[in-house]
Amino acid sequence: MNIAASIKSKINKLDSGEVFTYDTLGIPPNEFLAAAKALSRLVEDDVIRRYKNGVYYKPKQTAFGELKPRETTLLDLYLFEKDKQIAYVTGLRLYNELGLTTQISNVVRVAGNKEIKAKIGNLVIKPAKAYVPVEENNVSLLQLLDVIKDFKNIPDMDKKRGITFLRKKIQELTDVEKNKLIAIAKAYPPKVRALLGAILEALSLNSLSTSLKDSINYLSTYKFGLSKSILPTISNWNIS
């Protein structure tokens with residue numbers, strides 16, 4: 001079977017609306033040129049659509065016209081590269097998904113190993129800072145630390161609910177994950193280490209909290225809009 005026939009056969013097995021790339025089709029690098037020509041012909045024949053260079057999708061026809069791939073599916077194109085996660089969603093979209101705010105935005109902040117800017121339908125992707133290299137096994141920890149970093153500025157978030165959320169998430173981590181969280185936190189600003197340390201101390205994880213306390217200036221103060229009734233340990237970390 002030649003490359004054109006092979007590609008068409010594989011595309012026929014895909015669901016309508018599904019996004020695919022050369023990797024999805026299992027095309028080896030030495031056949032990219034022939035594959036590009038075959039895919040271009042399929043685009044001209046309206047069998048597939050080109051989303052961007054090297055990325056295609058099967059159009060899905062509905063009673064209301066052609067349905068494009070979901071924004072979340074297209075967003076994944078920027079978060080993964082050759083099946084490896086290289087970026088993650090943060091900011092308002094993340095905090096909304098976590099139930100910390102009811103506000104939504106058409107701007108999606110993406111932190112990654114390279115700066116990512118793009119537009120997907122009504123969504124505008126803008127870059128955010130990644131404090132350590134992004135890998136699949138550290139994304140949830142990075143997102144947790146981002147919640148702490150932006151804690152004071154998350155719109156309409158109830159502070160008590162926010163602390164309860166963080167305590168629960170940290171408690172659910174394995175010992176290995178907790179230690180990894182501490183290591184990553186040391187790359188974040190001091191205010192993040194301070195609030196994380198206060199939460200760890202409140203959870204009686206004193207060996208972990210001590211490690212963070214040694215990494216910050218004991219004279220510095222950090223404002224999060226918190227009271228002792230919400231987090232009793234804040235005075236030990238100069239948090240208010």
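What covers the buried residues of helix 10?

A: The cover includes helix 8 and helix 9 (190-202). This is a predicted model, in which local features need pLDDT of at least 70 and side-chain atom pairs count only at pLDDT 80 or more, while totals for chains, interfaces and linings use all residues. Residues are numbered from 1 along each chain as its sequence is written, and side-chain values use heavy atoms, with hydrogens and water left out. Helices (H or I, at least four residues) and strands (E, at least two) are DSSP runs, numbered from the N terminus.

In helix 10, Leu 208, Ser 209 and Leu 212 are the buried residues, where buried means under 20% relative accessible area (1.4 Å probe, protein chains only). Viewed down the axis of helix 10, they fall within an arc of 95°, so they line one face of the helix; the arc is that of the directions from the helix axis to the C-beta atoms.

Helix 8 (residues 175-185) packs against helix 10 (residues 206-213) at an angle of about 10°, and their axes are 10 Å apart. Axes here are lines fitted to C-alpha atoms, for helices over the stretch in contact, and angles run from 0 to 180 degrees between N-to-C directions. The two helices are therefore roughly parallel to each other, a label given to angles under 35 degrees. From helix 8, Lys 178, Asn 179, Ile 182 and Ala 185 meet Leu 208, Ser 211 and Leu 212 of helix 10, contact being heavy atoms within 4.5 Å. By class, the residues of this contact are four nonpolar, two polar and one charged. Ala, Val, Leu, Ile, Met, Phe, Trp, Tyr, Cys and Pro count as nonpolar, Asp, Glu, Lys and Arg as charged, and the others, Gly among them, as polar.

Elsewhere in the model, three strands form an open sheet in the order 1-3-2, with antiparallel pairing; two strands pair if DSSP finds at least two bridges between them. Strand 1 (19-21) and strand 2 (49-52) are at the edges, each with a single partner strand, so one side of each has no neighbour in the sheet. On average, neighbouring strands of this sheet are turned by 40° against each other, direction ignored. Strand 2 is joined to strand 3 (residues 55-57) by three bridges, and Arg 50 stands opposite Tyr 56 in strand 3. Helix 4 (residues 71-79) lies across strand 1, strand 2 and strand 3, at about 50° to strand 2.

Technical notes: Parallel < 35°, antiparallel > 145°, perpendicular 65-115°, else oblique. Buried < 20%, exposed > 50% of the residue type's maximum accessible area, 1.4 Å probe, protein only.
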